[in-house]
There are 2 protein chains.
Amino acid sequence: MRPESRKEEIINAASILFKEKGYSAVTMRDLAKAMGIKAASLYNHIQSKQEILATIIIDLAEKFTNGMDRIVKSDENTIQKLENIIDLHIDVTLSNADGLASLNNDWMHLEEENLQYFEKMRQDYEENFRDIVKRGVSRKEINSFNIEIIVFSTLSTLRTLYLWYPKQRNIDAEILKHDMVSVLLKGIA
Amino acid sequence: MRPESRKEEIINAASILFKEKGYSAVTMRDLAKAMGIKAASLYNHIQSKQEILATIIIDLAEKFTNGMDRIVKSDENTIQKLENIIDLHIDVTLSNADGLASLNNDWMHLEEENLQYFEKMRQDYEENFRDIVKRGVSRKEINSFNIEIIVFSTLSTLRTLYLWYPKQRNIDAEILKHDMVSVLLKGIA
DNA sequence: AAACAAAACTAACAATTGTTAGTTTCATAC
DNA sequence: GTATGAAACTAACAATTGTTAGTTTTGTTT
């Protein structure tokens, strides 16, 4: 394991605080106290509070974007693609559950270019997802329920994984993936 | 339609602002500007910023609690109960989509008794939900996937409805209920 | 027109905010 | 042991925060 730089330590501590109270409610003094130093000392390592938020969110959004691009390019069928999307969300959630809270709840506090960049990535992601579902319906690979409802219900479950996963003790990632696929794709009734 | 009291107008305006930026990022001056008055004037109608948040969240949480209590007491089967829960979420979402943003994202900024009261209601709600699913599995009314995953995926979809519903133009509530039941209970693949 | 209540206003407060400037501490390399 | 760079510190700033006190406006009722 590569030792964390001081900057990475600060960003990880910030991720946890942002998850608990939200970006706006966390002060630089809160963050400093969590690190065991004074607020001014943070600025030896980071440029601004905003930079911390942007780092957390943009890095994660790019992981999703890159993962989705790979899946879109692949020549698998619809079910396989959906399974890969579920995998992607589980992998990202396992690697940084804290940061996902900021991505989901504090993206609107990004400034300027980063806000636009994020919104573009999110929109593209949803459109790729929707296209996969659409194609699956037209090929009769999945049931022809209202497409928007399929997209919404699946995506909202995957996006909320970060809230739920940490509460499940020692659930194996592979088992989680398998059961997730079952519930989301095969229904419960 | 009963005319809104000034206090209700303020709370509705606050719900919209809280949805857009979160409780902590909305200042009393922001809220006043949205109302077309000065910040100090708000205090002729409300006691504090905190009172606004508590009113929004507690009222909604009680709607869910009361609805769930009715469903639990009923002698319908598991599928019917789940359908009624979906109905409940859709009804509450239609009646106050803005306020649901605060309930979902800003509940941790409630103070003291209200925070405890809210957390108790949320916990009871989830336990009632889980018990219904458990009973459904043991009676073989629904598939025996991992119960926690069923609870989580269904609940996260229903809880996120408030984000998605306003973007769907003129979708009929009855159609929404029907399709929602199909997707959540019968699966998509 | 006088009285009254509702609802707005101005002015200010004490506390907290993100951030900067300049200085000191401390471990490591020479 | 002295030089160096990383990382902490103290002290302060200008702006913004929720809120209060006291006053004026507005519209309705007598």
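Visitor: Where is K140(B) placed?
Guide: K140(B) sits in the loop between α7 (112-138) and α8 (147-159) of chain B. Helices here are DSSP runs (H or I, at least four residues) and strands are runs of E of at least two, numbered from the N terminus. This is a predicted model, in which local features need pLDDT of at least 70 and side-chain atom pairs count only at pLDDT 80 or more, while totals for chains, interfaces and linings use all residues. Residues are numbered from 1 along each chain as its sequence is written, and chains are lettered from A and ligands numbered from 1 in the order in which they are written.

Visitor: Why does K140(B) count as exposed?
Guide: A residue is exposed if 12 or fewer other C-beta atoms, placed from the backbone, lie within 10 Å of its own, buried if 20 or more do, and partly exposed in between. K140(B) has 9 such neighbours, so K140(B) counts as exposed.

Visitor: How far apart in space are K140(B) and N77(B)?
Guide: They are 11 Å apart, C-alpha to C-alpha, and 63 residues apart in sequence.

Visitor: What is meant by a nonpolar core?
Guide: The term covers buried Ala, Val, Leu, Ile, Met, Phe, Trp, Tyr and Cys residues joined through C-beta atoms within 7 Å. The largest has 83 residues, and I57(A), L60(A), I57(B) and L60(B) have the most contacts inside it.

Visitor: Which residues does L60(A) touch?
Guide: Leaving aside residues up to four places away in sequence, L60(A) touches V92(A), N96(A), G99(A), L100(A) and L103(A). Contact requires C-beta atoms, placed from the backbone, within 7 Å.

Visitor: Why is the relation of chain A to chain B called a two-fold axis?
Guide: Chain A superposes on chain B by a rotation of 180 degrees with 0.0 Å of shift along its axis (RMSD 0.0 Å). That is the relation of a two-fold axis. The superposition is by least squares on the C-alpha atoms of residues with pLDDT of at least 70 in both copies.

Key. Contact = placed C-beta atoms within 7 Å.
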